Every structure is written in structure tokens, then in C-alpha cells.
Amino acid sequence: MDRSVRAAVARLTGGVSPHAFLGAWGDWMLHLSRAPGRQLDLAERARDNAMKLAAYTLTGDGERAPPPFTPKSFDHRFGHPGWQKAPYRIWQQSFLAVQDWWDYATEPLRGLEQQDADRTRFMARQALDLVSPSNFPWSNPEILEETARQGGRNLIEGAAHFAEDFIKTVTQRHDPAPKGYEIGKDLACTPGTVVYRNDIFELIQYTPQTDKVQAEPILIVPAWIMKYYILDLSPHTSMVKYLVDQGFTVFMISWVNPTAEQAGLSLEDYRKRGVMAAMDAVSAIVPDERIHAVGYCLGGTMLAIAAATMARDHDDRLASITLMAAQVDFVEAGELLLFLDESQVAFLEDMMWDQGYLDRPQMARTFAAIRAEDLIYSRAVRRYMLGQQDLPTDIGVWNGDTTRMPARMHSQYLRGLFLENRLTAGRFAVEGRVIALKDISAPMFVVATETDHIAPWKSVYKTQLFTDNDLTFVLTKGGHNGGIVSEPGHPRRHYRLSHRPAGAHYSGPDGWPERHPARPGSWWPEWAAWLAARSSGTTPPPRIGAPEQGLPPLGPAPGSYVHLV
């Protein structure tokens, strides 16, 4: 009965535990109430902000005077030129002044839990974003200008968009891909063949595009929180196509989109019947060759677990390991930690117990809330007030192609890795025996992205702290997805690179970007050269599948699992 009640509440709150956030408010207010010096400091901050705002308002030359408060780098709500004119500039600055005060007020206090301070700041920011002057037609100059230009047609079209989105949300309707973005034709269209399938994944072997290929094949392990084709988008942005064109034999795992009947799938299932089963299939198709293993996001975490287990068990099939935007230590896992403590995990577990999985829209709302300024409110203004359609993009279509997370696996992931950080604490056991990342001897290529709020680059960097192997670290421009999908020719891209020999002393991330100058362009060519240098030479392309080994071709890529909704 208790779990059913909590599951019902969880559906209403989108899986966010109200107990965790109410506790954060209480902790912050209690510590602030016994800190009179801090209270005086906040009063002075409020006075200073009010004086700055008054001075800016009374200058009479505000359109040319520098504003005292500026939006955050990711906040694009006030980019329209109309915000520089009265009275809109005053409303904008008033909002930013209050935002500045709350950011200052929720800085850590002596004795206050850091997570509670961060949560209080997050909740204050959510409340402020709700009443931002950019959200309302009468206080947003861009909306007023567009309404006057179109005679109100934008508001009529915006209302139709709102009704459409509301019905879609209530009915959980899954729209087909827009024209020009069809899966298997326009996206995920690199030629290949499904050569293995079980209840967890399909394995795709891509058709060679060169007369000779590197002897060692590449196996890519994507995250099962997303469809695999983020790495095989349209032909000009496809990492898979780039690798095949460079003369590599590429295999890709395409995870199933689990249903409630698969609620019992565990992390061990994804390791053993997922990653290791794929590796066995690759070894059967390309025998006597080691494998370049590549893991992205959660797939990279699982690959690290699999590699440490292989090292412990003296399985030396790995030629190299590439981890892209993947964490092995979760102490500094960014703003997702706002949503994770015992109360929150228990809340999610009850919801998953009821429905058998965590649905991707529930996770998407969490990711969007972290950047609500841009991902929620800016989009809402464009769509509902300006009447603008969402223009389809390859990465946008992929982002809307939602997946689910099995209840048991997701609970183990949240508890064992995020909440208890067992992997780097020496408490993560596989088949009853603890594994250690420092046992891995295969060379590593670790990629982090500068503005990643899912796997912050300093957290990804800590892979160096828990390994002793030869390791190349790359920090590239962009976010969690855009920094990885960074094809050659993409404008205004750069990356930084360092190399740590096996057994070298650890050097922390502070000051690392300053010590390693930016290199223009994409990091993909650097990676391809790194893989080639750790390969044994070129050979004729391998066959497709291995029928005599029980691996006959099962059908063309992208297979059937990618189409499951």
C-alpha cells in the first residue's frame, strides 16, 4: 500500500521526491536562522543590488550604459534587441538582480550540506524562471513586436501548438520522424548487417568501404538510456561512417527498448549478456584479433566495468579502450546529483516498481529542468507565444526518440554507482569478486566535453586518478552530445589533449586547460590516428557474420530494435 501511494505521488511530480527538496529548504533556513552575520550580509547584498538597479534606472541613458547584471552564458531569453529599451531593460535587470541575490543567498553556509545548498539554489531558480518577464506577452518585447507584425496570428498558432503538445503528453503519443529524417534512410543509414540478436541487444556489423581495413575491429557500446544512432546520425555527422571510411571494421550494439516484462534485467545482464556477448560475437567474426572497445556515456561506464573484470580474469582481448563522456567516479557527477539521495532513489524505485521501468520522458524532464531557462522556457516562448514550429534536426529527432530503463538495472545503477560510488571505492563486485580499474592495462582514450552538465569534464578527468595505464585525455568544445558528435568541418570547434604514460604520477584537473592549448578542429582525426597507431596493420575486410559459428546475417542495418517505441 505504501509503495503504491508513493508511486502515485511520483507520477504526479515527475519522479522528483518532494521530501528531499523540502528537507533541503528546512536545512538551509535552519542554518541561516542561527547566522546573524550571514543575515546582515544578505541584507547588504539586497541593498547593493537595489542601489545598482536604481542608478541604472535613473541615468536616463540606460540604453548605452553597461547593465549591472548579465544573464548566464546558457540563458538566451534576453537576446532580442528590445530588451535594451525602456521599460523592458528595467524589468530584465530587476529579474536578474533578484536572481543574483538568490544565487548569493544559497552559497554554502558553515554546517550546511553542500547538496542542500545546491538544491535550495535550484528550487529558487526554478521559481524565478517561472515568473521571468520573458514568459509573458505583455512584458516581452519580442512577443509584442511579433504580435503587432502578425496581427495576433502568432498567438493563435501558439495556442494550436500548445493544444497539440498537451494532447501528445496526456496520450503519450509517439510521433513518426518528420520527412527527411527517417530512421534507416536518412538517419542510422550507414550500410551494415545485423549479425547477432538476443533479448537485450542486436549487434550490427557495418559494411567495409575500403579495400583494406585495420586488423583490429572496433566495438561501440552506446548508452541504453538513448538509441544508438546518436553515433550514426545523418551521413555527414555519423561517427560510424567516419570510422568505416577511415578503414576500420565497426560493430555497434543496438540496445532493446525494454518493456515492463523486462523489469528484472540487471546491470550484470547488460554486462554479461550485453557487452561480453557482443565481444564474443566480434571475436568469432574476426578471430585471433584484439578489439578496440568504445563506450559512450552510461555505455562507457559499463565498458569500464567489463574491462576491469576482463583484466581480473586475465582476458586480454582488448587492444584499447575509448571512453566518451563517461564517468567511473560519481562524487562530482554534476547537477544530476541534485536529484539523488536515499529519499529520491527510494521514490524512483517505487515508481519503477509500479510501472516496471523508468520512462525516458521522465528522465528528459529532469535534464531539461537543469537548464530550464533555455530548454523549457525559451522553447515555450518560441512555440506558444511566437507561434514558431520546432525545426527538425538530426540530433533533435534522435533526442525525441525516447527509450526506457528497466527497473532493476536502473535501481542498481543509481544505488551502486551514483549513490554509493562503489566502482572507485573498491566495493563493486562482479560474480562475487571485487574489481579494480587499476588492473586495466589496455591503453585508454578518454574524451570529456567542456559544457557537459550530465558528465562534467572534471568528473570524467578523474578516470586518471583510478587507473595506471597509458591514457590520452581529450577535452573538446561542446556539451554531452554535441561535443562527441563533432565531425571534421564543424565550424568553431577545438579540443585540448594530454598524454599520461603508464605508471606516471597523477596530476589534477585544476589548471589543466591553461597548460594544454586549444587545437582547432575536430578531435575525430586525432582519435582515428590513435586507434591506427595501436593496430597491427591492414588486412582484407572480414566476412559479414559467421554462419558456421551461429552468427548468420539476420537482416540489414539498422535492425529492428531501433524501431521499438
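Val194 stands opposite Ile204 in E2. Strand E1 (residues 192–197) pairs with strand E2 (residues 201–206) in the antiparallel sense, over five bridges. Two strands pair if DSSP finds at least two bridges between them. Strands (E, at least two residues) and helices (H or I, at least four) are DSSP runs, numbered from the N terminus.

This is a predicted model: local features need pLDDT of at least 70, side-chain atom pairs count only at pLDDT 80 or more, and totals for chains, interfaces and linings use all residues. Residues are numbered from 1 along each chain as its sequence is written, and side-chain values use heavy atoms, leaving out hydrogens and water.

Now the whole sheet. It is open, has eleven strands and shows mixed pairing, in the order E15-E14-E13-E12-E7-E6-E4-E5-E2-E1-E17. At its edges are E15 (519–520) and E17 (555–556), each pairing on one side only. Helix H10 (residues 298–312) packs on the sheet and touches E4, E6 and E7. Contact means heavy atoms within 4.5 Å. The direction of H10 makes about 140° with that of E6. Axes are lines fitted to C-alpha atoms, for helices over the stretch in contact, and angles run from 0 to 180 degrees between N-to-C directions.

Next come the charged pairs. A salt bridge is a side-chain nitrogen of Lys or Arg within 4 Å of a carboxyl oxygen of Asp or Glu. The count comes to 32 salt bridges. Asp75 and Arg77 form one, at 2.8 Å, N to O. Asp75 is buried at 8% relative accessibility, and Arg77 is buried at 6%. Buried means under 20% relative accessible area, exposed over 50%, partly exposed in between (1.4 Å probe, protein chains only). Glu548 and Arg543 also meet in a salt bridge, at 2.4 Å. Glu548 is exposed at 52%, whereas Arg543 is partly exposed at 38%.
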